[in-house]
Amino acid sequence: MKKLIINGQHELTGEIKISGAKNSVVALIPAAILSDDNVTLYNVPNISDTLALIDIIKLLNGKVEYENETMKIDTSQIENKVVPENLSKKLRASYYFMGALLGKFHYAEIYFPGGCNIGSRPIDFHINGFKKLGAEVTIEGNKYIFKANKLKGARIYLDFASVGATINIMLAAVKAEGTTYISNAAKEPEIVNIASLLNNMGAKISGAGTSEIKIEGVNHLHSGVIDVIPDRIEAGTYTIIGALLGKNLKISGIIEEHIDALLSKLKEMGVDMIIDDNDIIINHPKEYKPINVKTLVFPGFATDLGQPMSVLLTQADGMSIFEETIYENRMGHIKYLQKMGANIRVNDRTAIIIGKTPLKGEEVVATDLRAGAAMVIAGLIAKGTTTVNEIDHILRGYENIVEKLQNVGADIKTIEE
Ligand code: EPU
C-alpha cells in the first residue's frame, strides 16, 4: 500500500505548473472513438484515470500512442465490445463510453461505473436523455445495455445541470438524425472543451458553456485535435496551498475565469495574490478572515474545491461555514481534520469551522480524491509528521503531486508498505 509522509510547516517558493484537466480528458478520450479516423490530444495529464481509459480504448481495438503529454488515438479500427466490470469500475468517467458507443454503433454494453464515494451519484439523467434520443435501456445484473434502431434528435431538459449527463447526451446526439437541444445544460469549462473537440471532428454543436446546447446531427466524424484545458481544480488546490504556505509561490498555466469564485473568496479572506495573464503569484498572509463558502455549479464555487478549502478555513480567526450543495457525502475528511486538532461541527452537508486551530501531524486517510487533497494540505501546514493512507484516490486526479510539491520546498514523499 502506498502512503504519503509529510513533514509540515515549510514555506513554499518557486513554481508549480498546472496540468491538463482530469475532468476534461476523461471525456475527451471516450469522445475520440466517435471519429472514424484518429484524434490527437495535447496537454494530457498522466494520472491513473487517463491510464484506465487507455485500457478501454485498447479493448475496443483502438491504438494509443501516449508520450510527453500528447496522446494519439487511432480510432479507424474501433469495434463495439462489452466494457467489462474490472475496467468500468476503475473510474466514474467510464460512463462516457455509454454515450460514445451508443452514438457510434447504436448499441452499448457496459458495467456500472466506479468513482469516488461522495454520494449516491445516480445516472438517471443520462439514461433519460438516451431514451429521448430513441434508445432502449435495460439493466442485467450490474450491466447496462443500450440499443437503438436509429437515434433521433430530441429536446432534452435536465432536472439538474449535470456535467456527466450534458456530456454523455452530446456524445450520443452528435451523430443522431436531426437536432437535439439540451436545456438546463451544465456550463462547466470542461463541456466547452469536449464540444470543441467534437466540432473539430466535424460535429455541429453550438451553445456549449451556456445552459442551452444545440446539436445538429452529422453522418460522419473525421480526425480531430484539441488542447486539454488546464485543470481548474488542481489550480485551485495549489492556490489554496499557496494561500497557506506560499512565499512568492507561482502557480502557472491557469485560466483565471475558471477559478474566479475561489480567487474572490481568497481575496475576501485577505490573501495576497498578483494575477498576471495565466499565472498567480501568492504569499500567505499573517492572518485570515473567516468566510462562508457554498459550493454551486459553475461559475459558482466548485464542489471539488470545497474539501481543500475547508482546511484553509481552519486557519481563519473566527467562525467560517462550508456548505456542500452538490453531493450528499463530501465531509469524509472532516473526522481526520478533527483528529489533527481542527474545531469543526458537521450538520448534514454543512460544516461550521472555528479557527484558528493549529494542526498536528497524524495518521489519516484519503477517503476520496478531494478528501485526499485536503489531507495533503492539512499535512503541509501541520506540526510534525502526517501519514496519508489510501493515496490511490489522490493519484487518480493529481499529476505528479509529490514531485510538484517537493520542487517548491515541501517535505513530502511516497512510501510503499
Ligand atoms: N445527478 C443525478 N442524476 C444524474 C446525474 C447527476 O441525480 O443522472 C446528481 C449527482 O448525484 C450529483 C449532481 O447531480 O448530486 C451533480 O452531478 P454531475 O453529473 O454534475 O457530476 P458528475 O458528472 O458525476 C463531474 C465530475 C466531478 C465533479 C462534478 C461537478 C467527472 C468524471 N466528474 O461529476 O468530479 O464534482 O462533475 O462538477 O467529470 C472530482 O473530480 O473529484 C469529481 C467528483
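Author: A polar contact is a pair of N or O atoms within 3.5 Å. Keep that cut-off in mind. The model here is predicted.

Reader: Which atom of Ile-326 lies 2.6 Å from an oxygen atom of the ligand, backbone or side chain?

Author: A backbone one. An N or O atom of the Ile-326 backbone is 2.6 Å from a ligand oxygen.

Reader: Which side chains have a polar atom by a ligand oxygen?

Author: Ser-162 and Asn-23 are two to look at. In Ser-162, a polar side-chain atom sits 2.6 Å from an oxygen of the ligand. For Asn-23, a side-chain N or O atom is 3.2 Å from a ligand oxygen. The protein buries 91% of the 830 Å² that the ligand exposes when taken alone.

Reader: How many residues surround the ligand, and which are the closest?

Author: The shell holds 22 residues. Asp-124, Ser-162, Asp-304, Ile-326 and Arg-370 are the closest. Sort the shell by class next. Ten residues are nonpolar, seven are charged and five are polar.

Reader: Which helices supply at least two residues of that shell?

Author: Four do: H1 (22–32), H5 (124–132), H6 (163–173) and H12 (369–381). H5 gives the largest share, with three residues.

Reader: Now the backbone. What are most peptide bonds, cis or trans?

Author: Most peptide bonds are trans. Two cases here depart from that. From Phe-298 to Pro-299 the bond is cis, with omega near 10°. Pro-299 belongs to the loop between strand E17 (292–294) and helix H10 (306–313). From Gly-355 to Lys-356 the bond is also cis, with omega near 0°. Lys-356 is in the loop that runs between strand E20 (350–355) and strand E21 (363–365).

Reader: Where is Asn-184?

Author: Find the loop between strand E10 (179–183) and helix H7 (189–200). Asn-184 is placed there.

Conventions. Residues are numbered from 1 along each chain as its sequence is written. This is a predicted model: local features need pLDDT of at least 70, side-chain atom pairs count only at pLDDT 80 or more; totals for chains, interfaces and linings use all residues. Side-chain values use heavy atoms; hydrogens and water are left out. A residue is near a molecule or strand if one of its heavy atoms lies within 4 Å of it. A polar contact is a pair of N or O atoms within 3.5 Å; within protein, one must be able to donate a hydrogen and the other to accept it, and residues adjacent in sequence count only if both atoms are side-chain atoms. Accessible areas come from the Shrake-Rupley method with a 1.4 Å probe; for residues, only the protein chains shown count as cover. Ala, Val, Leu, Ile, Met, Phe, Trp, Tyr, Cys and Pro count as nonpolar, Asp, Glu, Lys and Arg as charged, and the others, Gly among them, as polar.
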